[in-house]
Amino acid sequence: MATAQSSAAHTVERGVQPLRAGQGTEFLWRKLHSLLGIIPIGAFLLEHILSNFEALKGPAAYGAQVKFLNGLPLVRVLEWTFIFLPILYHGVYGVYIWLRGKSNLVYYPWSGNWMYTAQRYTGLVAILYIGQHVIRQRFMGVQLPEHPMAAFAKVQQELANPWMLAVYIVAMIAICWHFSYGIWLFAAKWGLTPGVTARKRLGYACTVFGIILAVMGLASIWAFVGPRYPNTPENLPVSYLAAPANPGGISI
Amino acid sequence: MATKTVRFEIKRQANPDAPAVWENFELEWRPGMNVISAMMEIAANPVTADGRETTPITYDSNCLEEICGSCAMRINGKARMACSSLVDNLEQPIRVEPLSKFPLVRDLQVDRHVLFENLMAVKAWVPVDGTYDLGSGPRVFPQQQEANYPLSNCISCTCCMEVCPQFNEGTGFVGAATIAQVKLFNNHPTGKVFKEDRLRALAGDGGIQECGFAQNCVEACPKQIPLTNAISDVSRDVIIQKAKDFLRG
């Protein structure tokens with residue numbers, strides 16, 4: 001048994017490899033992931049939450065907002081370039097980042113380490129939620145680009161299922177958390193907040209910002225499930241049949 | 001006669017391929033006792049708590065006053081210096097294990113060579129070697145000295161790397177210590193001649209981008225080095241360097 005020899009050889013091979021100075025492309029891909037999280041994904045999240053907030057004004061206002069967004073020039077190009085593809089990349093690369101990290105929260109239960117872990121779990125919730133949300137709300141059922149005024153009814157029907165409502169509430173909180181901590185992380189990792197005090201101040205600001213976003217998002221969900229606009233009439237049969245002849249939809 | 005004792009559980013491993021076993025030891029308590037003095041005592045008299053003779057434990061240590069960085073180990077699960085770990089402040093039995101992220105040599109001794117490889121990869125030195133007298137170096141103002149002094153306190157103990165969730169075989173992350181040294185030597189009026197080289201080195205695979213900002217490094221650092229500040233500052237410098245390189249073609 002040449003254990004001494006083989007172990008000596010192993011000692012050199014084992015363990016974490018040294019820095020590959022100046023080699024490889026990980027830097028670019030990682031920074032792209034980081035940047036996309038703020039622009040355009042974060043910017044789109046803001047837009048989405050603001051647009052959803054129109055639902056509090058009722059089905060007509062919400063429909064008008066959907067119509068406006070779908071009327072933007074080159075909207076399908078904008079949608080793929082600034083929403084779908086960046087989110088897909090951010091999500092897939094984010095999972096790759098997670099898989100390469102080795103959580104040690106059990107031994108080091110410090111606040112930064114908690115946030116590091118939370119950023120991974122909220123990201124996973126976000127990507128799973130967004131996947132089903134885009135498939136069911138954008139590509140399945142009544143086509144909102146052609147029938148924007150059916151938007152309120154479509155979302156309302158989705159949220160009528162209490163399980164789906166729970167999914168939306170959890171995802172809303174997780175995504176707002178992920179984005180607000182993401183801003184903080186971006187500032188720290190791009191060298192915008194190199195001081196402890198600066199990071200602390202931005203931490204408070206991001207907390208407030210995240211809470212405002214989440215409350216706005218949850219308020220919009222409430223607009224669909226609350227007692228104010230029950231059983232919105234612009235349901236599937238009406239929009240399917242009447243929308244081509246009546247593109248304006250409702251005007252109650 | 002009720003002498004006060006201290007109980008230890010030490011993870012033993014005869015060689016990198018041998019199975020790990022735990023052994024219990026019980027020592028007489030002495031005032032001001034620290035973990036490294038207990039390790040010395042156990043190595044000098046390797047008898048387990050149940051009276052069985054065993055092999056002397058192996059560990060790294062040198063200065064015994066948190067200056068050399070040798071005696072980093074996991075004590076009650078956390079990476080720290082055995083010399084500055086006072087027994088009276090620890091829950092018993094005190095569990096002592098080797099650092100987990102570095103190749104094991106024997107018992108509590110690990111091979112931390114990767115840190116030195118990393119320091120070499122970023123040229124963490126001031127280039128003053130030559131065949132003739134270069135004369136006195138440029139003046140460093142006291143304000144600059146004060147800013148650099150905390151960074152110069154690094155003892156290469158690798159605690160920051162051990163506690164980092166990103167420092168592992170998957171990422172090959174360089175770790176906080178090396179990044180802080182890049183900041184130190186880039187701040188130095190002579191050392192900064194390598195500034196661009198160091199920043200480009202840190203943009204390589206396993207470089208500064210792998211940091212997940214869990215901030216465990218700064219919590220664990222026995223010398224209170226502002227590691228997260230250094231990572232933030234150097235990150236910005238690396239990004240700017242890469243942008244410049246891109247635009248200059």
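A helix here is a DSSP run of H or I with at least four residues (a strand is a run of E with at least two), numbered from the N terminus, and its expected span is 1.5 Å times one less than its number of residues. Everything below comes from a predicted model, where local features need pLDDT of at least 70, side-chain atom pairs count only at pLDDT 80 or more, and totals for chains, interfaces and linings use all residues. Residues are numbered from 1 along each chain as its sequence is written, while chains are lettered from A and ligands numbered from 1 in the order in which they are written.

**View 1. Helix H3 of chain A, residues 59–70.** Count 12 residues here, with 16 Å from the first C-alpha to the last, close to the 16 Å expected at 1.5 Å a residue. Pro59(A), Tyr62(A), Gly63(A) and Val66(A) are buried (20 or more other C-beta atoms within 10 Å of the residue's own, with C-beta atoms placed from the backbone). Seen down the axis of H3(A), these buried residues fall within an arc of 100 degrees, so they line one face of the helix; the arc is that of the directions from the helix axis to the C-beta atoms.

**View 2. Helix H6 of chain A, residues 151–159.** H6(A) is part of what covers the buried residues of H3(A). Its own buried residues include Ala151(A), Phe152(A) and Lys154(A), and the buried set packs against H3, H5 (111–139) and H8 (196–225) of chain A.

**View 3. Where chain B touches chain A.** Here 47 residues of chain B are in contact with 39 residues of chain A (C-beta atoms, placed from the backbone, within 7 Å). On chain B's side, H8(B) gives the most, with 7 residues.

Definitions and conventions: Two residues are in contact if their C-beta atoms, placed from the backbone, lie within 7 Å. A residue is buried if 20 or more other C-beta atoms lie within 10 Å of its own, exposed if 12 or fewer, and partly exposed in between; C-beta atoms are placed from the backbone.
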